[in-house]
Number of protein chains: 2
Amino acid sequence: MKLAERVSAALARATEKTGRDLFHEPLVLGVSGGADSLVLLHLLRAVRPAEGLIVAHLDHALRPSSADEAAVVNRIAAGYGLRFHTRRVDVAELAKSLNLSLEEAARMARYDFLAEIARAEGAPAVAVGHHADDQVETILMHVLRGSGLGGLRGMVEAGELPGHPKLRLLRPLLAITRAEIEAYAGEQGLRPITDESNADPAFLRNRVRHELLPALETYNPQIRERLRALSEVVAADEAFLVSQTTTNLTRLIVERGEETLAWSRDGWLALPLALRRRVLRLALAVVASDAPEPGYQALEAARRIAESGETGARVDLPGGLALRVAYDRLRLTRQPGAVSAELPQLPSAGPIPLSVPGAILLKNGWRLSAEFVVGAPDIETNTDRWTAYVAIPPAEALLVRGRRPGDRIRPLGLGGERKVKEVMIDRKVPVEARALWPVVATAERVVWLAGLALDDRARVTLESSRVIRLRCWREEHEAG
Amino acid sequence: MKLAERVSAALARATEKTGRDLFHEPLVLGVSGGADSLVLLHLLRAVRPAEGLIVAHLDHALRPSSADEAAVVNRIAAGYGLRFHTRRVDVAELAKSLNLSLEEAARMARYDFLAEIARAEGAPAVAVGHHADDQVETILMHVLRGSGLGGLRGMVEAGELPGHPKLRLLRPLLAITRAEIEAYAGEQGLRPITDESNADPAFLRNRVRHELLPALETYNPQIRERLRALSEVVAADEAFLVSQTTTNLTRLIVERGEETLAWSRDGWLALPLALRRRVLRLALAVVASDAPEPGYQALEAARRIAESGETGARVDLPGGLALRVAYDRLRLTRQPGAVSAELPQLPSAGPIPLSVPGAILLKNGWRLSAEFVVGAPDIETNTDRWTAYVAIPPAEALLVRGRRPGDRIRPLGLGGERKVKEVMIDRKVPVEARALWPVVATAERVVWLAGLALDDRARVTLESSRVIRLRCWREEHEAG
């Protein structure tokens, strides 16, 4: 039971780190049916009571056999006497509609689904089967993409569930190799489903697994162990550097506004180079968390101006940010910035009532209208992102406003809730266009992010008696 | 003159960092005759007065054409009116005798030669043509070998010359790519020597250059820029972490002896994980700088014992080191340790006179003898490392003693001086056997490290009138 002991130790570490009793509280397991997740399920049953374990399986609808796979996992869960949830999400469609890679869309759909089940079951955490070889692949992918030190850290054993900060994501197998997992599956007579997509070289991860890692092993047969050791060292180094950065920026701040942050220049200049870089990067993130991360060269240029520029010197950064050198401080400001007339923008962020039928005027000749649909609407074949059909109870009035902190939406087709901010980032809305982007909402919730996403709860069904067509468009001749 | 400006800026940075005026003081350039070093030479002539520039070329004796190459570089230097030095070292032989790879031996021979010329010319620094693509290759080689964060940093633009801490090593082309260098060579009509060994896949660097990097570029065409950016970030992060580590260990030390270091356990436990690891590693280096670096697993095991072990707990580390947990402190001690009877060991480190002829008794049946050689000695064909022929002026008495701090030797065939400690490390003498390893010396200098290296100045030449044979051997029947 060597692996069981290691999984038990991982659960103990996660319990200590999260402050939640992961041996007894409900725990949702993402089970694809592959060797990794079946072994994780088998091991968790060995180290904690089975009653709180909940099996969740997302059918990605990528292969004809995927519905059968869901049935297989269902049988396994039933055989163990465990609760089981499944959902089918067309990941290919999701990827297309959100302009994401298949891998990104699949991960998002999986995590959103697991989060929904965890909330429904009252579980503080979800667990997935990522193992040591996945970790090595992840680190290499980060290196290939050109990440900084944070990327070399790889995945963490117990952290936040991406997009769902109140839930924890556990990876109890992270220190266990693929070979150990497969040996265990064999010993225990588990019968994993083979995922043919694991051989598809269209996925970066598969190329790293089947081509790059074997090539690297011809240079150093121990390369996997070495990269894992490197990632553990880096994880701790990075955590220390992050805490030093936060402490120092907090100490040096002299002025903080809605879209402004200023800190002591002398204090900053006295920091070592590593912290000057990191404090600057953190300041950028504080002022504009949704701005694109500046590249290395842009950040270095800003640092040099900040170090040697005279009072009044200024450097522009992505996302409409500007860094200015003052006598005793460095000030980072977000510029209102000019938004292209090609994008819809509200005249102001405050709510404007939208009557049905009715329309409101936006900037640059854009309009947003609402009308009742008479007869059978052409919903199924609507391919215009700027037109949406919604069903809203008569008691709920519509309004149009800018996004608000914490705004969430349940995008159609996706299981879970997402932050409006994240959807805007995913859909590549320029940072300077986000604040005044038209959001159609009721007093209760977001209905439509014009051109971006429709809320699942406003979807028109066969039962809907009152269908509204929302449209957002630009009258070209009015533009100016 | 874009490249010249960048080299000038690099020289200015190095001047600031080293405190030496590298625009006017003598500067020794290692010039192989390849594009890199010819371009460096050309650029340095453009950014500083030529009179202090000294060209040095080491003939590695690896190819029949190498003597011609030295002549080519000589002509180039003469054409520029620069001083020129060359030396032929049989690097293949050196690699064999020191048990090093060809690359390691070549680097050592080169740096020792450059150091010797720099000392002779009164130059504070030497410059070499390493460029941005060399840097990327170096970083990848470090990753492949499994280095920690320090290895990701790669080479530094201005640092210490390895093995010669009083001299600086400059790499003014480190931020300039191979393509830029080759373009410049073409524009300026320079005619570099082609080094065929650059295509030999027996060298790790060539495999990295010709196979691995092109493969990585199929994943990310920007991989070189990204790795260079990573190395610059890591260099600063690492420098900060090193300074934090030194500060904290210094603050926490409560006891320091010849072979012992103890530091406050509570203070250490209060450090973040990154610094607990790094302080422990630094303490090991302080107590035994010549001990082999412990691997990641060994260090982690020691850390865990140090964190959670009870008073009296102990963990052994490589190099005869032991870490012990006491109530309020952690104590690292170097054990005298048992040395194998297969290795020669003095009865004590103090000097013992060695008369000629004469012999002294070592431990475990080993003996060390000296005798005059009558007739023509068989020096040329001597292949026994335990026998050495030396020429010592009659006025100088021989003695046998343990190594002393700062002991240096000029190993036969190598241009420069090396620390006796380093030679012992290179020749894999176990750390616990080094203190009592027999060193034959005069009052002035080291003559022979028994079985390891002979000093160049004691070499027998045609002019030597008084030849002494030194032998070190074990009388098997006396062992006990």
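Predicted model: local features only at pLDDT ≥ 70, side-chain atom pairs only at ≥ 80, totals over all residues.

Reader: What polar links cross the interface of chain A and chain B?

Author: There are 14 residue pairs in polar contact across the interface, with both residues at pLDDT 80 or more. The count of salt bridges between chain A and chain B is 2. One joins D237(B) to R278(A), with the closest N and O atoms 2.8 Å apart.

Reader: Now helix packing. At what angle do α9(A) and α9(B) pack?

Author: An angle over 145 degrees counts as roughly antiparallel. The angle between α9(A) and α9(B) is about 180 degrees, and their axes are 12 Å apart. α9(A) is therefore roughly antiparallel to α9(B).

Reader: Which residues of α9(A) and α9(B) meet?

Author: From α9(A) come L204(A), R207(A), V208(A), E211(A), L212(A), L216(A), T218(A) and Y219(A). They meet L204(B), R207(B), V208(B), E211(B), L212(B), L216(B), T218(B) and Y219(B) of α9(B). By class, the residues of this contact are 10 nonpolar, 2 polar and 4 charged.

Reader: And inside one chain: at what angle do α6 and α9 of chain B pack?

Author: An angle of 65 to 115 degrees counts as roughly perpendicular. Helix α6 (residues 132-145) and helix α9 (residues 204-219) of chain B pack at about 95 degrees, with axes 10 Å apart. α6(B) and α9(B) are therefore roughly perpendicular to each other. Residues of α6(B) in the contact include V136(B), L140(B), M141(B) and L144(B), while α9(B) gives L204(B), V208(B) and L212(B) among others. The contact of α6(B) with α9(B) has 9 nonpolar, 1 polar and 5 charged residues.

Reader: How do the axes of α10 and α12 of chain B cross?

Author: The axes of α10 (residues 223-252) and α12 (residues 273-287) of chain B come within 9 Å and cross at roughly 70 degrees. α10(B) and α12(B) are therefore also roughly perpendicular to each other. Among the residues in contact are L241(B), V242(B), T245(B) and L249(B) of α10(B), and L275(B), R278(B), V279(B) and L282(B) of α12(B). The contact of α10(B) with α12(B) divides into 8 nonpolar, 4 polar and 2 charged residues.

Reader: Back to salt bridges. How many does the structure hold over all chains?

Author: A salt bridge needs a side-chain nitrogen of Lys or Arg within 4 Å of a carboxyl oxygen of Asp or Glu. The structure holds 70 salt bridges over all chains. One of them pairs R6(A) with E180(A), with the closest N and O atoms 3.0 Å apart. This pair links distant parts of the chain, 174 residues apart: R6(A) is in helix α1 (residues 2-18) of chain A and E180(A) in helix α8 (residues 178-187) of chain A.

Reader: Last, the backbone. Where does a cis peptide bond join V356(A) to another residue, and what is omega?

Author: The cis bond joins V356(A) and P357(A), with omega about -5 degrees. P357(A) sits in the loop between β12 (352-354) and β13 (358-361) of chain A. In chain B a cis peptide bond joins V356(B) and P357(B), and omega is about -5 degrees. P357(B) lies in the loop between β12 (352-354) and β13 (358-361) of chain B.

Reader: Which residue other than glycine has a positive phi near 55 degrees in chain A?

Author: A61(A) has that value, and its place is the loop between β2 (53-59) and α3 (66-80) of chain A. In chain B, N364(B) is not a glycine but has a positive phi of about 55 degrees. N364(B) is in the loop between β13 and β14 (366-372) of chain B.

Technical notes
Residues numbered from 1 in each chain as written. Chains lettered and ligands numbered in written order. Heavy atoms only, no water. Axes fitted to C-alpha atoms, helices over the stretch in contact; angles between N-to-C directions. Helix = DSSP H or I, 4+ residues; strand = E, 2+ residues; numbered from the N terminus. Parallel < 35°, antiparallel > 145°, perpendicular 65-115°, else oblique. Contact = heavy atoms within 4.5 Å. Nonpolar A, V, L, I, M, F, W, Y, C, P; charged D, E, K, R; others polar. Polar contact = N/O pair within 3.5 Å; in protein donor to acceptor, adjacent residues only side chain to side chain.
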